[in-house]
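Please work through the exercises below with the sequence and the model at hand. Each task is followed by a solution in steps.

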Amino acid sequence: MATVRPAAAGEVAALSAALAQAFASETTMSWLLPQRTRRTARRKQMFRLELQTYVLPQDGLVFAADAGRDGLVGGCVALPPNRWQMPRTVDGRTAARWLWALGTRLPRSLRAQRALEEHHPTEPHYYIRWI
């Protein structure tokens with residue numbers, strides 16, 4: 001059985017791998033990253049980038065589902081009220097990392113993010129990004 005606890009700062013890679021595995025067959029993720037080659041590596045990179053460049057810099061809440069000897073098996077990523085928006089600009093290195101993670105699906109991802117933003121509730125709330 002897994003124990004849910006706050007994730008440690010040094011667990012970004014392990015948590016990214018756990019989330020990538022947890023979302024391996026999820027419909028939206030398959031639509032976003034349909035390529036079979038490197039799909040797992042791309043998902044890991046996407047979650048790592050979300051944590052490093054989006055969630056943690058905005059004081060997001062990150063919890064890990066820890067299965068002890070089996071390692072991390074999942075997590076919950078949430079953003080505080082009024083801090084849910086994706087950054088509008090990134091540096092060149094970060095942009096290149098996003099391009100590698102999403103490949104030719106980057107425009108699709110940006111359109112999906114814009115659609116989410118257009119329909120996002122206006123009242124203050126915690127935004128659960130991934131669970």
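The model is predicted, so local features need pLDDT of at least 70 and side-chain atom pairs count only at pLDDT 80 or more, whereas totals for chains, interfaces and linings use all residues. Residues are numbered from 1 along each chain as its sequence is written, and side-chain values use heavy atoms, with hydrogens and water left out.

**Exercise 1. The largest pocket**

Task: Determine the volume of the largest pocket, and state which element gives the largest share of its lining.

Solution. 

Step 1. Rolling a probe the size of a water molecule over the atoms shows where empty space is left. On a 1 Å grid over the protein atoms alone, a pocket is an open set of points where a 1.4 Å probe fits, with protein on both sides within 12 Å along at least five of seven lines; lining residues have an atom within 4 Å of a point. Grid points are joined across faces, edges and corners, and the volume is the space filled by probe spheres set on the points.

Step 2. The largest pocket has a volume of about 760 Å³. Its lining comprises 28 residues, of which M86, S109, L110, Q113 and R129 are the closest to the centre.

Step 3. Helices (H or I, at least four residues) and strands (E, at least two) are DSSP runs, numbered from the N terminus. Two or more lining residues come from each of α2 (27-32), α3 (39-55), α4 (92-102), α5 (106-118) and β4 (127-130). The largest share, eight residues, belongs to α5.

Step 4. By residue class, the lining has 17 nonpolar, five polar and six charged members. Here Ala, Val, Leu, Ile, Met, Phe, Trp, Tyr, Cys and Pro count as nonpolar, Asp, Glu, Lys and Arg as charged, and the others, Gly among them, as polar.

**Exercise 2. A residue of the lining**

Solution. 

Step 1. S109 lies in helix α5.

Step 2. Buried means under 20% relative accessible area, exposed over 50%, and partly exposed in between (1.4 Å probe, protein chains only).

**Exercise 3. The nonpolar core**

Task: Identify the residues with the most contacts inside the largest nonpolar core.

Solution. 

Step 1. In soluble globular proteins, nonpolar side chains tend to be buried together. A nonpolar core is a set of buried Ala, Val, Leu, Ile, Met, Phe, Trp, Tyr and Cys residues joined through side-chain atoms within 4.5 Å.

Step 2. The largest such core has 27 residues, and M29, M46, F47, L51, V55, L102 and W130 have the most contacts inside it. At least two core residues are supplied by each of α1 (12-22), α2, α3, β2 (61-66), β3 (72-79), α4 and β4. The largest share, six residues, is that of α3.

Step 3. In α1, the buried residues are V12, L15, S16, A18, L19 and A20; they pack against α3, β2 and β3.

Step 4. F47 touches S16, L19, A20, F23, M29 and W130, not counting residues up to four places away in sequence.

**Exercise 4. Aromatic pairs**

Task: State how many aromatic pairs the structure holds, and explain why F47 and W130 are classed as edge-to-face.

Solution. 

Step 1. A pair of aromatic rings is described by the distance of the centres and the angle of the planes. Rings of Phe, Tyr and Trp (its six-membered ring) pair if their centres lie within 6.5 Å; planes under 30 degrees apart count as stacked, over 60 as edge-to-face and the rest as tilted.

Step 2. The structure holds four aromatic pairs. The ring centres of F47 and W130 are 4.9 Å apart and their planes stand at 75 degrees, so this pair is edge-to-face. Because F47 lies in helix α3 and W130 in strand β4, the pair ties together parts that are 83 residues apart in sequence. Both F47 and W130 are buried.

Step 3. W84 and Y127 form an edge-to-face pair, with 6.3 Å centre to centre and 70 degrees between the planes. This pair links W84, in the loop between β3 and α4, to Y127 in strand β4, 43 residues apart. W84 counts as buried at 12% relative accessibility, as does Y127 at 16%.

Step 4. Ring pairs also link F23, F47 and W130 into a cluster.

**Exercise 5. Loop residues**

Task: Locate D59 and N82, and state what phi values D59 and N82 have.

Solution. 

Step 1. D59 lies in the loop between α3 and β2. Although D59 is not a glycine, its phi is positive, about 60 degrees. D59 counts as exposed at 52% relative accessibility.

Step 2. N82 is placed in the loop between β3 and α4. Its phi is near 65 degrees, a positive value in a residue other than glycine. N82 counts as exposed at 54% relative accessibility.

How values were computed:
Contact = heavy atoms within 4.5 Å.
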